Amino acid sequence: MRIAQALEMTRELSSATQTLEALGELLDPELVKTALETAGVATLRKRRLPLESMLWCVIGLALFRRLSAWDVVNQLDIMLPGQKPLVAPSAVVQGRQRLGSDAVREVFQLTQQRWHETAEHPGWQGLRLLGVDGVVWRAPDTLENRERYGSAINQYGDGGFPQIRMVCQMELTSHLLVSSAFDAYASNEMKLAEQLIEGTPDHSLTLFDKGFYSLGLLHRWQRTGNERHWLLPLRKDAQYEVIRSLGKQDAIVSLRTSPQARRQWPGLPDTLQARLLSKTVKGKRRQILTSMTDPGRFVSDEIVDLYSHRWEIELGYREIKQGLLDGRYTLRSKTPDMVAQELWGLLLGYNLLRYQMVQMSRQCPGVHPCEMSFSACSWAILKFLLSLSLNSPGNIPRDMAELHALAPHFVLPHRRDYRAYPRVIKAKPSKYPTRKKMPVSLTDRHYPAGPFFIG
């Protein structure tokens, strides 16, 4: 009897091990082990839900928004063998708490370094194209989340949900995330962006939104590392002095820094030199400020046109919020540490999908990963991920090759430059329903507004 039980447990253990090995094709187990040791949570004790499995549970929460954490564990078949019924939901919660958020952050950092090394980004003039921008997330309305993260405040009081302010850095041709920093809603995006400086790769050009106009931040960004250039629109009220003209709409200018900025950013000089370029696009004059001051290497017209690529990071945020989260913008976790873990898992899960899209794009010469359909590719990758536990590990290379062979079907048509989407004021997020206005009828458009007019 004992021999039979031992054989059955061995069979189940082998099946669970094969599943984790299959998932290891997407995420290197040795890299995960290193991250757990760095975070100080590695353990020799074999639980029914080991930390390696819980990492996949956190990733699964991002990839399968409609499933609960308990369903993710069972769908991916990532638990070690034990008595039936399956693992209890409380064990999943305890497993997430053992894992913590630092371990998931370490896995994100290690994977992004490796994936960027093998992605072979095309770049521009020998510089890797990066983008930096901010995004806001909503968390469940619990006392712990509200005390830790806070929320938007208006004349009527606090907002309906606690919110987290995040700043990310993204490689623009692949949408692979490079780094991220987040904190309470009241935190400053400049301070969060400062945390991204050390992780910025050399020989890169970072495109900033105009909201990141800070001479202290830009000076520190350029001085840290080798050839870390920046580019952003000139602020309307910026004061500058032309030092040398390089062309009709091209000049080297001097920008005076403020005493407050010099106190905040030690080492910031009294003046900062940069290159100012102007170009009329669709009837509007655009002024771009950049650290790329060499006119022989960096052509002025190309520099101004480059700024349009900054929109790629906005598309990446849309892919995460509407694609991965299925339009459900409120996170799941009810405590601050689990919120942080969920966010790092979300970024890691997104990078995992995007790296597979990098691999798939190699089947389509001349096509960048950002030119492929994220929704179609993610559906195919998730289908492959769910089928791993049903196949033997020996079939994984063949199945992955078949997945990559489908890449030509996922290439998007060329973008239409003439399409325009003006910025609009969106309704502030609230947990209370809002009243919808009735549509205006044709009759109302031809007569003055009476007592029953609905506008």
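This is a predicted model: local features need pLDDT of at least 70, side-chain atom pairs count only at pLDDT 80 or more; totals for chains, interfaces and linings use all residues.

Visitor: Why is Thr330 called buried?
Guide: Buried means under 20% relative accessible area, exposed over 50%, and partly exposed in between (1.4 Å probe, protein chains only). Thr330 has 18% relative accessibility, so Thr330 counts as buried.

Visitor: Which residues is Thr330 in contact with, leaving aside its neighbours within four places in sequence?
Guide: Contact means heavy atoms within 4.5 Å. On that basis Thr330 is in contact with Arg65, Arg138, Ala139, Pro140 and Phe161, its neighbours within four places in sequence being left aside.

Visitor: What joins the side chains of Thr330 and Arg138?
Guide: A polar contact of 2.9 Å. The term stands for a pair of N or O atoms within 3.5 Å; within protein, one must be able to donate a hydrogen and the other to accept it, and residues adjacent in sequence count only if both atoms are side-chain atoms.

Visitor: What makes α3 and α5 roughly perpendicular?
Guide: Helix α3 (residues 51–63) and helix α5 (residues 89–99) pack at an angle of about 105°, their axes being 9 Å apart. Axes are lines fitted to C-alpha atoms, for helices over the stretch in contact, and angles run from 0 to 180 degrees between N-to-C directions. Angles under 35 degrees count as roughly parallel, over 145 as roughly antiparallel, 65 to 115 as roughly perpendicular and the rest as oblique. Therefore α3 and α5 are roughly perpendicular to each other.

Visitor: Which residues meet there, in α3 and in α5?
Guide: From α3 come Leu51, Met54, Leu55, Cys57, Val58 and Leu61, and they meet Val92, Gly95, Arg96, Arg98 and Leu99 of α5. Cys57 counts as buried, at 0% relative accessibility.

Visitor: Why is the sulfur of Cys377 too far from the closest cysteine sulfur for a bond?
Guide: A disulfide is a pair of cysteine sulfur atoms within 2.5 Å. The closest cysteine sulfur to that of Cys377 is in Cys364, 8.7 Å away, so the two are too far apart for a bond. By this rule the count of disulfides comes to zero. Cys377 is also buried, with a relative accessible area of 0%.

Visitor: How do you know that Thr200 is buried?
Guide: Thr200 has a relative accessible area of 2%, so Thr200 is buried. Thr200 lies in the loop between α8 (189–194) and β6 (204–208), and its side chain reaches the backbone oxygen of Leu196 at 2.9 Å.

Visitor: And what makes Gln125 partly exposed?
Guide: Its relative accessible area is 36%, so Gln125 is partly exposed. Gln125 lies in the loop between α6 (102–119) and β1 (128–138), and has a positive phi of about 50° although it is not a glycine.

Key: Residues are numbered from 1 along each chain as its sequence is written. Side-chain values use heavy atoms; hydrogens and water are left out. Helices (H or I, at least four residues) and strands (E, at least two) are DSSP runs, numbered from the N terminus.
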